[in-house]
Amino acid sequence: MPAAIFDMDGVLVDSYRPHWESWRITCAARGLPITEAVYAGLFGRSFRSFVEALCPRPLTEAEIQAWYDEKEELYRDIIERDFPAMDGASDLLAALRQAGFALAIGSSGPRGNVDCLLRHLPGADAFATTASGDDCRNAKPDPEVFLLAARRLGVPPRACVVIEDSLHGLEAARRAGMAAIALTGTCTVAELTPHADLVVTSLRDLTPPRIAALIASRKD
């Protein structure tokens with residue numbers, strides 16, 4: 001059985017603006033005004049590296065955790081009010097499910113964010129399992145989250161494809177021994193092409209036969 005493992009932010013949910021708002025508000029509360037240009041330059045980094053780039057002094061683990069919890073709770077509040085589903089996500093999930101794919105989410109985000117998506121994305125019941133940052137010791141580009149998702153699906157890595165928008169996520173997919181499809185948005189086609197087996201500009205460019213052929217070509 002082939003499997004498709006989806007990243008969440010930037011792939012299933014158009015999360016750039018909600019993350020920007022939650023960063024802007026929590027930074028301002030700490031006396032750290034941030035411009036959108038600075039945010040765009042840091043977008044895609046881990047929370048810890050984001051904070052280290054913004055804060056002029058080292059933070060304690062308790063301070064980092066408190067900021068993380070506050071920021072992610074605010075992010076969820078924003079998307080709960082108006083969930084920004086990525087165009088084509090629900091249709092692709094339905095098509096893959098009908099074609100017999102096993103489906104999972106593999107996200108570095110916290111469990112609460114994944115659960116929020118499962119509540120609001122139409123067709124999210126197609127996912128057989130999920131793996132979040134809370135389930136893993138190591139963040140992308142470590143392949144742990146994708147390997148965990150595959151293990152929970154009961155599908156070997158060679159039969160899996162990962163759909164990602166970030167360079168770290170694509171590296172994690174490659175290190176997991178999985179095919180990698182890149183979706184533009186966070187990065188350009190030129191930036192993504194060296195790191196992916198296929199680059200698309202919309203989820204609507206993907207079909208079950210196209211994804212199945214990509215997996216089969218890597219298994220041969």
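Trainee: Before we look at this one, what does partly exposed mean here?
Mentor: A residue is called buried when its relative accessible area is under 20% and exposed when that area is over 50%, with partly exposed in between. Keep in mind that we are looking at a predicted model.

Trainee: Okay, so where does A40 fall, buried or exposed or in between?
Mentor: A40 has a relative accessible area of 40%, so A40 counts as partly exposed.

Trainee: And which helix is A40 in?
Mentor: A40 belongs to helix 2, which covers residues 36-42. In space, the C-alpha of A40 is 8.5 Å from the C-alpha of W20, although these two are 20 residues apart in sequence.

Trainee: Switching to cysteines, how many disulfides are there?
Mentor: The count is 0 disulfides, given that a pair of cysteine sulfur atoms has to be within 2.5 Å to qualify.

Trainee: What about C136, buried or exposed?
Mentor: C136 is buried as well, its relative accessible area being 14%. C136 is in no disulfide either, since the nearest cysteine sulfur, which belongs to C160, is 14 Å away.

Trainee: Where does P141 lie?
Mentor: P141 sits in the loop between strand 3 (129-131) and helix 7 (144-153).

How values were computed
Residues numbered from 1 in each chain as written. Predicted model: local features only at pLDDT ≥ 70, side-chain atom pairs only at ≥ 80, totals over all residues. Heavy atoms only, no water. Buried < 20%, exposed > 50% of the residue type's maximum accessible area, 1.4 Å probe, protein only. Helix = DSSP H or I, 4+ residues; strand = E, 2+ residues; numbered from the N terminus.
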